[in-house]
Amino acid sequence: MTEQMTDVLLDVRNLHKSFGALKATDDVSITLRPGEIHALIGPNGAGKSTLIKQIAGGLRSDSGSVHFAGQDVTPLSTVQRARAGLGRTFQISSLAMEYTVLQNAVLGALGQSGRVMRFFAPVMRQAALRAEAMRALELVGLADHAAKRTSDLSHGQRRQLEVAVALTLRPKVFLMDEPMAGLGASGSREMTGFLDGLRAEAPILLVEHDMDAVFALADRISVLVYGRIIASGTAAEIKADPQVRVAYLGEEDAA
Amino acid sequence: MMRETLVNVFLFLLLPVTALAAFALDEPFIITLATKAAILALAGVGLNIALGLGGLVSFGHAAFFGLGGYAMGILAAHAQSYTPIMESPFLIEGTKSMPIIWLVAIVVSALAALLIGALSLRTSGVYFIMVTLAFGQMLFYFSISWPAYGGEDGLSIYVRNGFPGLNTLNPLTFFAIAFAVLALVLLFAGRLARAPFGLALSAARQNAERVESVGLAPFRLRLVAFVISGAVTGLAGALFADLNRFVSPTMFSWQTSGEIMIFVILGGVGRLFGPVAGAALFILLEHVLGGLSEFWHIYLGFLLLMVVLFARGGMIGLIAGREVAHD
């Protein structure tokens, strides 16, 4: 309520979505301010995936609105929202598997440049696109693997490439769906360290199951249960919230 | 990479060397076969842009092949009978000039591809195959039932159309024209695959979700690819009609769509020279096996089965191995 509009880069207001009698998203509002990581947690089936689709496009909300940097993107498609500045990563790596790592990153840079209807000049010779792609690959630590075929990457490297492609979009907001999914303990720690630095580039709405990562990274945490946000606050506040302990952290007996 | 380049050079030289050898041995029929292979390869290069690069399994490319053929037939028929195509509101006359005929064939098939693509690309998978097939069949039955241009009997053109400064009645000259067009289109298709558009189109085939999330619309990419693809196949249709000096509804038939697809699959889906290899092999089999048995399609079918089951990259994949990403 006290948040200033100008401060907020992602502003999700009163989203609703029902599938028949099931309220998948029930009056969800969530914001993202510059430089912060806002984690969204919740048990399986809480409606996180539905909410992500409503924010990224691809699923129309019954009511409510989504704003990026003051622009109402509610009526826009996935493609238009990406152009408006949403950098999304997927829970299951979504990459062009026949391409090299570099080609995937160049694809992102190409989407960002908007100059796709070019039919003659070789795209991999375009210095500006290559430089942008290499910058992103260096940031995530994949520069040495640029010439590798994506299908030959390890699972962890695919997760990194997923983030690198989002980086090439120079997004205003990151929307990351379980970037730690399937990473081992050391991979998770590495990714946590990386995302910590990434918030300077753009704020992150982070959907994540890895609680160590969430508590280490998040400036704010919102807890989604049965399509409703039941609590929102700092890590300490969330840990102490009795409702959260009952509904999510599995401490029914303790409570 | 190296090996595929060698294979491509071999395939590129195969047709002109065959034509020249046939010329030296005074075998004009072989020159005609080489010309036919070049033109059918061109139709396949067109389909390969949609099928190989874009992953769009069009079973209706006969529509564009036939439209190109009829563009030639109608223009030339009016020119040879000295009757205008239309007089009001403005006068349009027929022509016997190849460059003008090609241009008309390209424009007409591109427009048809825009229309068919805009409707069919809203579907995918087996529905896309069926919708493109349906459009092809619509044109097939329309061409049969429209009496003005020969209906079922088709249209005969008495003298091959002209090209400024060349004697197109000479078989070797006409081969050179068809081969030059093929070479230019191969050059274009090769650049297209490596251009920004090609990168995005091929990415949309591999993963449409990824392409959307970087802010590119797969539908638009596919529609443009379908239009380019249809235009190239339409140009091949005009040349094919000129080779035979005859156009008939057969050019619109689904068997024609199937044959164009066979060139691409035999040679190698998505490989630049795949359709050249496929069309050359097809013509060779038709000539050799067709001389032995009326039922040579059985052998063709067997070969196709082997390729689909055991050599997914077609002949080029078999010889040159997995495609290498071009950085």
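Reader: In this predicted model, how far apart do the end C-alpha atoms of residues 169-189 of chain B lie?

Author: The model is a predicted one, and in it the span of residues 169-189 of chain B is 90% helix and 0% strand. UniProt, in an unreviewed entry, places a "transmembrane region" at these residues. The distance between the end C-alpha atoms of residues 169-189 of chain B is 29 Å.

Reader: What is the corresponding distance for residues 219-240 of chain B?

Author: Residues 219-240 of chain B are also listed under "transmembrane region" in the unreviewed UniProt entry, and this span is 100% helix and 0% strand. Its end C-alpha atoms are separated by 31 Å.

Reader: At roughly what angle do the axes of helix 3 and helix 5 of chain B cross?

Author: Helix 3 (residues 62-81) and helix 5 (residues 125-145) of chain B have axes that come within 8 Å of each other. Helix 3 of chain B contributes Ala62(B), Ala63(B), Gly66(B) and Tyr70(B) to the contact, while helix 5 of chain B contributes Phe135(B), Gly136(B), Leu139(B) and Ser143(B). By class, this contact has 5 nonpolar, 3 polar and no charged residues. The crossing angle of the two axes is roughly 35°.

Reader: Which strands stand at the edges of the open sheet of chain A?

Author: The sheet has 4 strands in the order 2-1-4-5, with antiparallel pairing. Each edge strand has a single partner strand, so one side of each is left without a neighbour in the sheet. The edge strands of chain A are strand 2 (22-32) and strand 5 (71-72).

Reader: Which residue in strand 5 of chain A stands opposite Phe68(A)?

Author: Strand 4 (residues 63-68) of chain A runs antiparallel to strand 5 of chain A, and 2 bridges join them. Within strand 5 of chain A, the residue opposite Phe68(A) is Gln71(A).

Reader: At about what angle does helix 1 of chain A run to strand 2 of chain A?

Author: Helix 1 (residues 48-56) of chain A lies across strand 1 (10-19), strand 2 and strand 4 of chain A. Its angle to strand 2 of chain A is about 55°.

Reader: Which helix supplies the largest share of the side of chain A that touches chain B?

Author: The contact takes 34 residues from chain A and 22 residues from chain B. Helix 2 (78-83) and helix 3 (101-113) of chain A each supply at least two residues of the chain A side. That side divides into 21 nonpolar, 7 polar and 6 charged residues. The largest share, 8 residues, comes from helix 3 of chain A.

Technical notes:
Residues numbered from 1 in each chain as written. Chains lettered and ligands numbered in written order. Predicted model: local features only at pLDDT ≥ 70, side-chain atom pairs only at ≥ 80, totals over all residues. Axes fitted to C-alpha atoms, helices over the stretch in contact; angles between N-to-C directions. Contact = placed C-beta atoms within 7 Å. Nonpolar A, V, L, I, M, F, W, Y, C, P; charged D, E, K, R; others polar. UniProt positions renumbered as here; feature names shortened; annotations may be inferred. Pairing = 2+ DSSP bridges.
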